[in-house]
Amino acid sequence: MSSADFTYDHVGASRDPEFCPPGFHHLRERTRLGEGEKVFHQAVDALFGFEMHREMGVGIDASADRAASGVDVTVTLAGLVKAPCRVVWAAEEYREAGWAYGTLAGHPESGEEAFVVHRTGDGTVWLTVSAFSRPARWYARAGGAATRSLQHAYARRAGKTLRRLATRGVEDA
């Protein structure tokens, strides 16, 4: 995977959810999904299989069925805006699993967005959506603060959607 294909430097830097390069805006939204191993595994499956995105009403065209490093993904918003990305990292561990994609030419933004599911020692399951981005197209720049508000709303909606998917068939999640 060549970093020359991406519209920003620091490819893969979203592994650190606090990182934000100079000139970029930082986003971090955390949502409690539920409790227990089943909730964790259902959340990971829905995240890695792009089900969370599809359930949000976002169009997803991916070069593979599951998120993995190097998978190309085109996100379509409202049937109008096409946002080409590539998965820059993916990791599945005992208590944490997630992946991030970075922007390619033609994306309205420039940067990276990560989705990480984490299970704490007490069994609580969380989704953290973190990103660093800046406008790349004229309409994203023109949107200013409204564009950033939409990004935060998108991250909160991802959490609500994944909570619903992760707790299907689970009592007292």
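Predicted model: local features only at pLDDT ≥ 70, side-chain atom pairs only at ≥ 80, totals over all residues.
Residues are numbered from 1 along each chain as its sequence is written, and side-chain values use heavy atoms, with hydrogens and water left out.

Me: What makes β5 and β6 a pair of strands?
Reply: Two strands pair if DSSP finds at least two bridges between them. Strands are DSSP runs (E, at least two residues), as helices are (H or I, at least four), numbered from the N terminus. There are 7 bridges between β5 (residues 96-103) and β6 (residues 109-119), so the two are paired, and they run antiparallel. Within this pair, A97 has V117 of β6 as its bridge partner.

Me: Why are β1 and β2 called edge strands?
Reply: The open sheet has 7 strands in the order β1-β7-β6-β5-β4-β3-β2, with antiparallel pairing. β1 (25-35) and β2 (59-62) each pair on one side only, and are the edge strands. From one strand to the next, the twist averages 20°.

Me: Which strands does helix α1 lie across, and at what angle does it run to β5?
Reply: Helix α1 (residues 37-48) lies across β1, β4 (81-92), β5, β6 and β7 (124-135), at about 20° to β5. Contact means heavy atoms within 4.5 Å. Axes are lines fitted to C-alpha atoms, for helices over the stretch in contact, and angles run from 0 to 180 degrees between N-to-C directions. Helix α3 (residues 138-166) runs at about 15° to β1.

Me: Why is C85 called buried, and C20 partly exposed?
Reply: Buried means under 20% relative accessible area, exposed over 50%, and partly exposed in between (1.4 Å probe, protein chains only). C85 has 2%, so C85 is buried. C20 has 27%, so C20 is partly exposed.

Me: Which element gives the most to the lining of the largest pocket?
Reply: That element is α3, with 12 residues. The lining has 36 residues, and L77, E109, L150, Q151 and Y154 lie nearest the centre of the pocket.

Terms used
1 Å grid on protein atoms, 1.4 Å probe; cavity = no way out; pocket = protein on both sides within 12 Å on 5 of 7 lines; lining within 4 Å.
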